[in-house]
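Please brief me on this two-chain model.

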Amino acid sequence: MLEIKCPYCGKRSQNEFSYGGDATVKRPMLGEEISTEDWDNFVYFRDNPRGKHTELWHHVSGCRQWFKASRDTATHEIFDTCKMNEAFNE
Amino acid sequence: MQKYSVFSLVKNAFTNHQDWEVAWKDPEPKKEYDVIIIGGGGHGLATAYYLAKEHGITNVAILEKGWIGGGNVGRNTTILRSNYMFDSNAHFYEFGMKLWETLSQELNYNVMYSPRGIINLAHSDAQMNAYARRGNSMRLNGIDAILLGRDEIKQMIPFADFSENCRFPIHGGLMQPRGGTARHDAVAWGYARQADSMGVDIIQNCEVTGFDVNNGKIEGVQTSRGSIKTKKVGLCVAGSTTLLADMLNMRLPIEAHVLQACVSEPVKPLLHQVVTFGAGHFYCSQSDKGEMVMGGDLDGYNSYAQRGNMPMIQHVLTGGLAVFPNFSRLKMLRTWGGIMDMSMDGSPIIDKTHIGGVYLNCGWCYGGFKATPSSGWVFAHTIAHDKVHELNSDFNLERFHTGKIIDEKGVGPKPWIG
């Protein structure tokens with residue numbers, strides 16, 4: 001069981017949360033002129049690192065806020081979590 | 001190579017089984033090979049076997065960082081099927097089913113292919129309609145499929161919950177009678193033994209640490225046991241695909257996720273088919289030893305750890321008890337996890353790459369085991385001819401740019417939801 005620290009509620013067990021995927025993926029701005037390749041990269045292509053991964057979690061059975069987590073994909077250690085508009089402390 | 005038969009078994013019994021030949025050798029890597037396959041799992045071993053057998057290319061090395069068969073080919077739930085609706089999948093997996101049917105004879109190794117049938121349970125009229133459609137599509141592609149009603153299912157698995165008030169009442173199901181199971185380790189060992197006998201070098205404890213690429217062409221690989229020259233490299237490394245692709249500056253539509261499975265203690269014969277209970281994220285078959293082999297969903301977050309967490313095991317088994325309440329007193333024997341190379345449309349990628357002589361075989365999601373023979377067969381063809389075969393022409397990398405994706409489950413590019 002992972003213990004995830006929600007930046008709003010504190011440490012809670014994993015089954016209160018749902019996963020939202022890679023947080024570094026950035027949706028192109030609405031109306032922005034981009035190539036189809038940029039669009040494909042946004043939709044389908046991922047860095048998929050072994051090690052530190054910045055990802056989205058949703059405290060769905062809690063405060064229902066989305067937030068970011070920095071987690072190791074090999075050890076599952078969670079280094080830090082922060083609100084969507086903030087940066088990690090490390 | 002020593003042929004395995006009842007006679008060789010009897011003969012070796014007289015010498016207390018001390019004189020069996022080794023099944024495959026343990027060679028030192030040579031300076032150069034015609035083809036290097038990275039990854040000594042089912043797909044890598046099968047590829048090497050078909051390169052030697054179908055294309056006469058025997059100066060081949062398989063480089064495996066651990067031991068052969070220690071990855072996903074030894075971690076799956078051994079299920080074989082070709083119950084797909086889309087043509088590209090149907091043709092490819094059905095080609096594989098035909099290879100499975102004669103694989104024990106072909107490899108002279110008992111892979112224990114057991115066509116016991118696979119049943120997908122349905123719980124509503126709408127789901128029955130969807131299964132009728134899928135079954136019809138399968139039959140149009142020459143694949144066996146039977147739509148079963150509630151009573152027919154009840155005859156096959158009378159111990160399932162057929163009460164009126166359960167959350168997901170069983171309306172019926174779709175069955176592929178030729179689907180079933182095979183012994184996963186035997187598949188790896190059978191391919192390894194035959195490939196070795198035709199001259200393929202199986203090199204274990206040999207991790208690839210880099211690639212030598214010059215003018216857009218591969219010239220060799222760097223390994224923990226020295227550098228090896230080659231003109232062609234095939235990647236068959238499942239969950240580790242991105243790690244190798246990074247060394248080649250290739251960004252792929254893949255995420256690594258952990259999938260768990262578990263087995264119970266052995267019990268007397270009870271479940272004679274493979275049964276999937278999709279509504280409860282659970283499927284099960286009974287092994288020849290009597291264990292219930294069970295699996296379900298991904299843990300649900302990116303992971304390179306070959307182990308999972310308890311919440312998903314609990315979730316899967318909760319679903320399992322909903323359909324098979326009599327499993328509640330079964331004791332768990334063990335759980336384990338494997339790393340899935342989840343592609344963004346749920347279908348594999350078997351293709352050439354932008355680097356000359358580098359070939360890619362990945363994106364198997366959680367369906368790689370059943371594809372072992374067909375994947376090896378088409379990948380060997382792709383490597384030998386530097387050209388994709390008709391059977392894997394749709395499993396290209398380009399589809400993530402052209403939009404011709406093969407999203408059988410229709411979940412979109414969020415693998416942890418599927």
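In this predicted model, a polar atom of the His184(B) side chain lies 3.4 Å from the backbone oxygen of Val73(B). His184(B) belongs to helix α7 of chain B, residues 184-197. Helices (H or I, at least four residues) and strands (E, at least two) are DSSP runs, numbered from the N terminus.

**Basis**
- The model is predicted: local features need pLDDT of at least 70, side-chain atom pairs count only at pLDDT 80 or more, and totals for chains, interfaces and linings use all residues.
- Residues are numbered from 1 along each chain as its sequence is written, chains are lettered from A and ligands numbered from 1 in the order in which they are written, and side-chain values use heavy atoms, with hydrogens and water left out.

**His184(B)**
- His184(B) counts as buried because its relative accessibility is 14%. Buried means under 20% relative accessible area, exposed over 50%, and partly exposed in between (1.4 Å probe, protein chains only).
- Leaving aside neighbours within four places in sequence, His184(B) is in contact with Val73(B), Gly74(B), Arg75(B), Asn76(B), Thr78(B) and Phe369(B). Contact means heavy atoms within 4.5 Å.

**Interface of chains A and B**
- On chain B, 25 residues are in contact with 24 residues of chain A.
- The two chains bury about 2400 Å² between them, 52% of it on carbon and sulfur atoms. Buried area is the accessible area (1.4 Å probe) that two parts lose on being put together, summed over both.
- Arg251(B), Tyr301(B) and Tyr304(B) lose the most area in chain B to chain A, together 27% of what that side buries.
- Between the chains there are 2 salt bridges. A salt bridge is a side-chain nitrogen of Lys or Arg within 4 Å of a carboxyl oxygen of Asp or Glu.
- Glu255(B) forms a salt bridge with Arg46(A), with the closest N and O atoms 3.5 Å apart.
- Five elements of chain B each supply at least two residues to the side that touches chain A: α8 (241-247), β12 (254-266), β15 (291-302), α9 (310-323) and α11 (399-402).
- β12(B) gives the most to that side, with 4 residues.

**Helix α1 of chain A**
- In α1(A), residues 36-44, the buried residues are Asp40(A), Phe42(A), Val43(A) and Tyr44(A).
- They cover an arc of only 165° around the axis, so they sit on the same side of α1(A). The arc is that of the directions from the helix axis to the C-beta atoms.
- The buried residues of α1(A) pack against α11 of chain B.

Methods: A polar contact is a pair of N or O atoms within 3.5 Å; within protein, one must be able to donate a hydrogen and the other to accept it, and residues adjacent in sequence count only if both atoms are side-chain atoms.
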